[in-house]
Amino acid sequence: MKLITAIIRPEQLEEARSALESSGVQGLTVSSAHGYGRQRGHTEIYRGAEYTVDLHPKVRIEVLASDGQAHNLMDIIVASSNTGTAGDGKVWMIDVCEAVRVRTGERGEAAI
C-alpha cells in the first residue's frame with residue numbers, strides 16, 4: 001500500500017477531487033496548509049502599506065492506494081492540479097506497512 005500526499009493550490013482542489021473520484025477513489029483526506037517552495041514569499045501593497053506574504057495558502061490531499069494504482073493516482077493529481085505556474089505544488093508517495101478500518105477491523109488493502 002502507498003500513501004499519496006499532494007500539496008496543491010486551493011483553487012485546484014475541486015478539479016483534483018473530481019478526477020480522483022472518477023478514477024475510483026472512494027476516500028481521501030483534505031486539510032488546509034500554508035507554505036512555500038521555490039517561489040518563496042512575495043510583497044504586496046495594501047492601503048499604501050507594503051507587507052510580505054511568506055506563506056501561501058495550500059491544500060493537502062492524502063489518499064491511501066494499492067501498489068497497483070498509486071502511480072496512476074499520482075499522475076491524475078498532477079494533471080488535474082497543473083496550472084503551469086510556480087506554486088502549483090508537490091506530490092509524493094510513501095510506503096504504508098499496515099492499515100486497519102476501525103469500524104470493521106479489516107486490514108491491509110481491504111481497509112482501503
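Analyst: Two residues are in contact when they have heavy atoms within 4.5 Å. Please keep in mind throughout that what we are reading is a predicted model.

User: With that in hand, which residues is Thr5 in contact with, leaving aside its neighbours within four places in sequence?

Analyst: Thr5, whose place is in strand E1 (residues 2-8), is in contact with Arg60, Ile61 and Glu62, and also with Lys90, Val91 and Trp92.

User: Is Thr5 buried or exposed?

Analyst: A residue counts as buried when its relative accessible area is under 20%. Thr5 has a relative accessible area of 2%, so it is buried. Val59, which lies in strand E5 (residues 56-65), also counts as buried, at 8% relative accessibility. Across the chain, buried residues make up 31% of the 112 residues.

User: What does Val59 touch, not counting residues up to four places away in sequence?

Analyst: Val59 touches Ala6, Ile7, Ile8, Pro10 and Leu13, together with Val30 and Ser31. Separation in sequence and separation in space are two quantities to read side by side: Val59 and Asn72 are 13 residues apart in sequence, and their C-alpha atoms are 20 Å apart in space. For the chain, among contacts between residues at least 6 apart in sequence, 69% join residues at least 24 apart.

User: How should I read the packing of two helices, and at what angle do H1 and H2 pack?

Analyst: Two packed helices are described by the angle between their axes and by the distance between those axes. Here helix H1 (residues 13-22) and helix H2 (residues 67-81) pack at an angle of about 145 degrees, with their axes 8 Å apart, and their crossing is right-handed. On the H1 side, Glu15, Ala16, Ala19 and Leu20 meet Leu73, Ile76, Ile77, Ser80 and Ser81 in H2. The residues of this contact divide into six nonpolar, two polar and one charged.

User: Finally, in what order do the elements of the chain run, and why is the chain described as more spread out than a compact globule?

Analyst: The secondary structure comes to two helices and six strands, and from the N terminus on the elements run β-α-β-β-β-β-α-β. The radius of gyration of the chain is 17 Å, well over the 13 Å that the globule rule gives for 112 residues, and therefore the chain is more spread out than a compact globule. Taken along the principal axes, the C-alpha atoms fill a box of roughly 60 × 25 × 20 Å.

Note on methods:
Residues numbered from 1 in each chain as written. Predicted model: local features only at pLDDT ≥ 70, side-chain atom pairs only at ≥ 80, totals over all residues. Heavy atoms only, no water. Axes fitted to C-alpha atoms, helices over the stretch in contact; angles between N-to-C directions. Helix = DSSP H or I, 4+ residues; strand = E, 2+ residues; numbered from the N terminus. Left-handed = near helix turned anticlockwise from the far one by under 90°. Nonpolar A, V, L, I, M, F, W, Y, C, P; charged D, E, K, R; others polar. Rg over C-alpha atoms; globule rule 2.2 N^0.38 Å. Buried < 20%, exposed > 50% of the residue type's maximum accessible area, 1.4 Å probe, protein only.
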